[in-house]
Amino acid sequence: MPSRVKKGKSHGKKENKEPRTKLKDDETKAEFSQENGQEENPTEIKPKAKKTSRQIRSVKMLSSVLNTSISNKSCLNTSSNRKITDYFQIRKSSRKTKSDLEKERRHLLENLIKNCIEDGLEVRHMNEKGRGVFSCKYFKKGDFVCEYAGEMITYQVAKKREEIYAQDSSIGCYMYFFEYKTKIWCIDATAETERLGRLLNHSKTGGNCRTQLFEIDSKPHLILVAARDIKPGEEMLYDYGDRNKNSIESHPWLAK
């Protein structure tokens with residue numbers, strides 16, 4: 001005998017439990033749209049509300065904060081591979097070394113000596129001494145004054161010339177003896193020239209200049225430099241260094 005199977009309700013379809021009133025409203029809207037020639041739009045899109053200026057500012061601030069934090073993280077990650085010179089430029093000192101200053105001074109002296117430049121000096125006539133050299137500009141200590149220019153001769157030749165010059169009272173003493181490379185040499189400036197070194201007068205105690213040897217191309221030059229700061233109008237003086245009794249008897253001003 002066939003068993004009776006009770007037909008149950010299908011579980012594949014969901015039971016529509018919406019209220020009938022809502023269905024009627026939907027049907028009414030559909031009919032109204034069909035009558036007016038409009039299609040039904042089940043998903044209606046509402047226009048977005050505009051953001052206020054305060055909201056825009058807050059968004060910008062948030063984005064800037066995020067960008068800053070990201071850049072800081074990248075800096076922290078690479079800071080271990082960085083050097084201080086990557087952030088700050090190396091500043092080179094503008095100070096010159098002693099060797100640089102000495103090179104500049106030597107180059108200046110060579111130029112002055114080779115071109116026979118003797119600036120800031122003038123010749124004056126005095127009753128007691130005759131001619132003398134005076135400064136007409138300010139000289140700092142160590143500045144080049146002039147060159148004791150003349151003919152460079154050996155000691156033996158100089159002694160013979162001294163004997164000849166001694167026979168003529170009109171000829172003055174313009175011979176300067178000095179030592180160079182273990183030998184005695186002499187600059188004979190007896191001949192009248194336009195160079196001023198030969199006209200500087202002697203002072204044993206009040207000299208404001210001093211002699212100095214300066215070599216150019218393996219040849220010594222006898223120059224005069226300021227022994228102290230010299231003001232305009234001062235007479236340029238230096239110690240001849242002659243302590244010979246005969247010389248002092250002949251020229252008493254050598255002892256002063």
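**Close-up 1. The surroundings of R198 in a predicted model.** Leaving aside its neighbours within four places in sequence, R198 is in contact (heavy atoms within 4.5 Å) with R131, Y148, Y174, A189, T190, A191, E192 and T193. This is a predicted model, in which local features need pLDDT of at least 70 and side-chain atom pairs count only at pLDDT 80 or more, while totals for chains, interfaces and linings use all residues. Residues are numbered from 1 along each chain as its sequence is written, and side-chain values use heavy atoms, with hydrogens and water left out.

Close-up 2. R198 lies in the loop between β6 (183-188) and β7 (201-202), where strands are DSSP runs of E with at least two residues, numbered from the N terminus. R198 counts as buried because its relative accessibility is 5%, the limit for buried being under 20% relative accessible area (1.4 Å probe, protein chains only). The side chain of R198 reaches the backbone oxygen of T190 at 3.1 Å, and a polar contact of 3.1 Å joins the side chains of R198 and E192; a polar contact is a pair of N or O atoms within 3.5 Å, one able to donate a hydrogen and the other to accept it.

**Close-up 3. An open sheet of three strands.** The strands follow the order β3-β9-β8 with antiparallel pairing, two strands being paired if DSSP finds at least two bridges between them. Because β3 (144-147) and β8 (209-216) stand at the edges with a single partner strand each, one side of each is left without a neighbour in the sheet. Eight bridges join β8 to β9 (residues 219-226), and the bridge partner of T211 in β9 is L224.

Key
Helix = DSSP H or I, 4+ residues; strand = E, 2+ residues; numbered from the N terminus. Buried < 20%, exposed > 50% of the residue type's maximum accessible area, 1.4 Å probe, protein only.
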